[in-house]
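User: Could you take me through this structure? I would like to begin with the overall fold and then go into the details.

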There are 4 protein chains.
Amino acid sequence: MLKVAICGGSGYAGSELLRLLSLHREVKITAVTSERSSGSRVVEVFPHLRGLVDLGFEPLVPEVIVGKADLFFLALPHAASQEAVSYFHSAKKHVIDLSADFRLKDPAVYEEWYGVRHEYPSVLKKAVYGLPELHRRKIRRARVVANPGCYPTGALLGLYPALKEGLIDQDSIIIDSKSGTSGAGRKASVPLSFCEVNEAFRAYGIATHRHTPEIEQELSMIRGSRVRVDFTPHLLPVNRGILTTIYCRLKESGLETGRLLECYRDTYRKEPFVRVYGEDVLPDVRNVRGTNFCDIGVRVNRRTGGLIVVTAIDNLLKGASGQAIQNMNIMMGFKETEGLDLFAPLP
Amino acid sequence: MLKVAICGGSGYAGSELLRLLSLHREVKITAVTSERSSGSRVVEVFPHLRGLVDLGFEPLVPEVIVGKADLFFLALPHAASQEAVSYFHSAKKHVIDLSADFRLKDPAVYEEWYGVRHEYPSVLKKAVYGLPELHRRKIRRARVVANPGCYPTGALLGLYPALKEGLIDQDSIIIDSKSGTSGAGRKASVPLSFCEVNEAFRAYGIATHRHTPEIEQELSMIRGSRVRVDFTPHLLPVNRGILTTIYCRLKESGLETGRLLECYRDTYRKEPFVRVYGEDVLPDVRNVRGTNFCDIGVRVNRRTGGLIVVTAIDNLLKGASGQAIQNMNIMMGFKETEGLDLFAPLP
Amino acid sequence: MLKVAICGGSGYAGSELLRLLSLHREVKITAVTSERSSGSRVVEVFPHLRGLVDLGFEPLVPEVIVGKADLFFLALPHAASQEAVSYFHSAKKHVIDLSADFRLKDPAVYEEWYGVRHEYPSVLKKAVYGLPELHRRKIRRARVVANPGCYPTGALLGLYPALKEGLIDQDSIIIDSKSGTSGAGRKASVPLSFCEVNEAFRAYGIATHRHTPEIEQELSMIRGSRVRVDFTPHLLPVNRGILTTIYCRLKESGLETGRLLECYRDTYRKEPFVRVYGEDVLPDVRNVRGTNFCDIGVRVNRRTGGLIVVTAIDNLLKGASGQAIQNMNIMMGFKETEGLDLFAPLP
Amino acid sequence: MLKVAICGGSGYAGSELLRLLSLHREVKITAVTSERSSGSRVVEVFPHLRGLVDLGFEPLVPEVIVGKADLFFLALPHAASQEAVSYFHSAKKHVIDLSADFRLKDPAVYEEWYGVRHEYPSVLKKAVYGLPELHRRKIRRARVVANPGCYPTGALLGLYPALKEGLIDQDSIIIDSKSGTSGAGRKASVPLSFCEVNEAFRAYGIATHRHTPEIEQELSMIRGSRVRVDFTPHLLPVNRGILTTIYCRLKESGLETGRLLECYRDTYRKEPFVRVYGEDVLPDVRNVRGTNFCDIGVRVNRRTGGLIVVTAIDNLLKGASGQAIQNMNIMMGFKETEGLDLFAPLP
């Protein structure tokens, strides 16, 4: 049994890590930290885990916790993660970081978008961007994995096949995403209170959202040249799920939906967590709720020459904790789907 | 035009007072206070009031505001209201207080349930409990009206006809209420955040909710002897509305639903804001959303001799701001329905 | 008092017409039809209208109803409306048609997208597209107004200022809309049942939605040359509201958000139902719920040269019944805002 | 591997049986029937099961299907189940019936409440009421299990300990239940459409709901004498979950919450699917969503001598398909929690 610890376990990503790792057959959770809930039992904060998790929250003291586990999941706020990742890394531990601190390869870009300096550029250099469908080989050998953001996961998986094959104009990409409210975290805030989100729908962070450079970095890497995108997130009155609608121009006229579907199916043929839909049905966030799937639908608009791709993920699973566990499974040589054999409990 | 001021205008009751009073033909809002939003324009906090309200929030300084209006609506936290009510009252102003501070006639009961002393028992003595269906005559002459709590409004209107007529056993009353989340106010709080309320449903404050003594005071007054009730509130994942299901035993066996309906219809025949339903349909909070109505359904269970009464109100209208305006209309001799000619915008 | 009749009054647009017209000071509803509810009282189908509407549903027999009113609102299914509109028109009545039957100027385009022939091309020629912000003058003299679709209303008001001023590349327009479920009508259907929509979110009708030609017709008219768009609707788990996010390329680089806002404010300066937001806040469907407003937000993405416009309307008001009443007010010379002085009852 | 078949697999209970049984380590689904979806692949109707279920729906022809499996789950409409159960039973198969047809021991009571005769009284006599916490021993030897209704499950588990111990007045029981909308099934219906349920809340079937005799039968059995209850169900705008609030009078004054909790904990000490909460927190339907748990909270109201019990279950799991699988596990000697080791994916 691999011993794992969770740093930052009282948020939504943390509670899902607690739940899923407790049911995982190859690991044992040995510690969980939380600043705000330190001193409480996990089940006091999360009564739904009664009967499953018998741990208490402790404060994050790296020197104390480092000896307790072999692999560390970090679900800490951005910037706060830098030091902890580096500490565990230097102690020869495996680290999977759910924050943004090790996702952007260029420290200058990180500083521009997050407003803080990166203090550990050498660790950053070794960190692997943990999107298995793009980087599985590197993840296998990685000691530090930067778990992708929720929006980038849905956007990148929707663009990768068409962009890789050179089917689309890379200057035409528009990404319109709609996220369930758990994406904003578990926190006290008037704008996130029930009455402000329920029966409401709005865009936010237009042209300024921090996931933009992350999306552009990976698209540029796929394409081999600089890609820029328009990215607009919206807040959806559902607990979980991100639906991303992507628009771009096809380079060649005359390409049909069927041809594009072929490209997508070929690309993802062996992927355990990508499901490419046919022409009869479109993805819905409900179909991936509670699962690690990314569902993809593809349509060509013959009248305009536009390609429209729709992807659906659960922001807490494939968009956070599920992908983190998938990364762990790859890093440690476990079966990739272990602990993630999950299907949506509909409705 | 009557000049009115709103103290505590940045919560949900306050925003409804702003909206409804701005559309009221007999009044003009001259000031609105808010501690947390002081210095902001109303439309910065409430963009939905753009084009309607052109005021800024000011801090509550009684000496400053007292000269600006003839009637004051107070939507302040419990305990905070005592002093302000008394101040405006001593300045010969009309006051409608939406807090609980002047609802309980017995200062000892107030202290027991709210944990603070009542410092103004002489003002308390003059305050009228503002449920028009029970106390319209007194409200007409009142200078201080204690606007009823949201739960008591639905419970009392549901019990009044049967209790007044002596049809039910007064020791058998059980009140099971379910309230929309706006009843908890506009505030930053993890348990009230979207993801904690959506797709959730729970009871709270069993046997300890502060609206209990208010319900019991009025039922005892109706009956002329002490009445005690079991009252359980629940938190409903809707923005607005309280549905209250009331259970009690009929004194006489053989009474049918039709006979009870007659009693309810007789009692409320002239009430502009009570709608008694027939045997074909039951109240739903959606039918009263955005309105000042209390809808009532009545059923007798022949098998058990039980009477079940269901009432629906909008907690922010008949349960707060709407009733406050109804009280103002009565106090000032306006048409009772002025500004409240509202029907639910379904769906 | 103008006598008005509603044909097709048992759907959501119909129930809103019933509610709003009953509160309108210049008109009296004299008849309301419904095939499925014929023979029932309105309040049996819509208990929320108890105390407001005292009418029964009758079947639609044009010969019978034509004498009862001066102006007819038609909320009938597409194709079913053609004959009724023409009948009332030939009887010299005013007609406001909420269906799509008289929106598309070219009968061939109508036939292509709706699959039925247009049997009344001469009436079609006289019909005015009832978007007051574009066609107020014509509406004033019209006898037949084709009330716009809900999606086109939000899309057109969002594009009109920038397109008219020639600020954007007309080949770059992408319209991503998200609509509340009442847009699908009041009907029995598994995919529209609560458990299939709640906690769900999906796109539908990609590249094939029937509102596409309507949007393109009006944009082409504004521009004076053929415009084509990519339009994708999504189903939002809220009762009401459409948020439309529009993407297009600015022709000139260097234009800033402020400059665009100026253009939008200038265009809509005198419009009673358009509210252009500033740089601090973005539209939300909740702010227009139950109102006839179209709220607009504008942002320039300096990094990409993209313009992003967000509009919010209530699909049943500005997107249907509210706009129909606005059109009636204009046609009949009433105050344009009569019966529509509505602000969102938040939350 | 036990071969199992599901009759009536295109509803919500059916889709959950498909999902959970596919992940169960001791069984293999060999057939699934549906009248309305016959001829379709399961994944066409339920895209969320893509990658898990590779079966097609067939029509229910008992003679054809009987040979395909050893155990049959029947999720058919009431009355339709009688014949199928009897057929499979006579073919020596194990049967778990999710309908009401074999729950009521007295055929006259069945006829009174369901309006149809029971044609198989001899099979009825052998059927065991499948609430494991009350009847585990009998279930072990049963060939036909009548799986309990969703409301009775929550009501009975909440009353059993106190009633069995004689702590409460059996004539004082009031059961106020609130159910998520999936309890009404997967069907096309205006009253169940999204816009009619969302932001709504109503009671239904007051004093007439068909689960009443089922609750009374089992309570009478526990108590050894006839028990009658007032039972009121309500429709909750959530997908899943039933919260039941039970009111009754304690026989002895002076009993405290702690004493009652002891009684409940003792009773359920060894139950794998009952969780008794302490005095700090109350059950919430969200904590049991997607699980087979029944969570229970208990409070004594000292002022009135009332006992209030709150229970929460997932109506599709412990209230239907989960309990059916639990019953199968008991009948077949599998580990009772196999396939049901599920914790709520919050939020």
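**Fold, domains and contacts**

Analyst: The secondary structure of chain A comes to 13 helices and 14 strands; helices (H or I, at least four residues) and strands (E, at least two) are DSSP runs, numbered from the N terminus. This is a predicted model, in which local features need pLDDT of at least 70 and side-chain atom pairs count only at pLDDT 80 or more, while totals for chains, interfaces and linings use all residues. Residues are numbered from 1 along each chain as its sequence is written, and chains are lettered from A and ligands numbered from 1 in the order in which they are written.

User: What radius of gyration does chain A have?

Analyst: Chain A has 20 Å, which agrees with the value near 20 Å for a compact globule of 347 residues. The radius is taken over C-alpha atoms, and the globule rule is 2.2 Å times the number of residues to the power 0.38. Along the principal axes, the C-alpha atoms of chain A fill a box of roughly 60 × 45 × 40 Å.

User: And what percentage of the residues of chain A count as buried?

Analyst: Of the 347 residues, 61% count as buried. A residue is buried if 20 or more other C-beta atoms, placed from the backbone, lie within 10 Å of its own, exposed if 12 or fewer, and partly exposed in between.

User: Which domains is chain A divided into?

Analyst: Chain A is divided into domain 1 (2-126) and domain 2 (151-316), with bounds that come from an automatic or database domain assignment. Their centres, taken over C-alpha atoms, are separated by 27 Å.

User: How many residues of each are in contact?

Analyst: In chain A, 11 residues of domain 1 are in contact with 8 residues of domain 2; contact requires C-beta atoms, placed from the backbone, to lie within 7 Å. On the domain 1 side, the elements that give two or more residues are α1 (12-22) and α5 (107-114) of chain A. That side divides into 7 nonpolar, 1 polar and 3 charged residues. Ala, Val, Leu, Ile, Met, Phe, Trp, Tyr, Cys and Pro count as nonpolar, Asp, Glu, Lys and Arg as charged, and the others, Gly among them, as polar.

User: Changing topic: why is helix α4 of chain A largely enclosed?

Analyst: Helix α4 (residues 81-90) of chain A is largely enclosed by the rest of the structure because 7 of its 10 residues are buried. Among them are V85(A), F88(A) and H89(A). What covers the buried residues includes β1 (2-7), β4 (71-74) and α6 (121-126) of chain A. Just after α4(A), K92(A) takes a positive phi of about 70 degrees.

User: Is V281(A) buried or partly exposed?

Analyst: V281(A) is partly exposed, with 15 other C-beta atoms within 10 Å. This residue is in the loop between β12 (274-276) and α12 (285-288) of chain A.

User: How many residues do chain C and chain B put into their contact?

Analyst: The contact takes 23 residues from chain C and 23 residues from chain B. On the chain C side, the largest share, 3 residues, comes from helix α1 (residues 12-22) of chain C. By class, that side has 11 nonpolar, 7 polar and 5 charged residues.

Technical notes: Contact = placed C-beta atoms within 7 Å.
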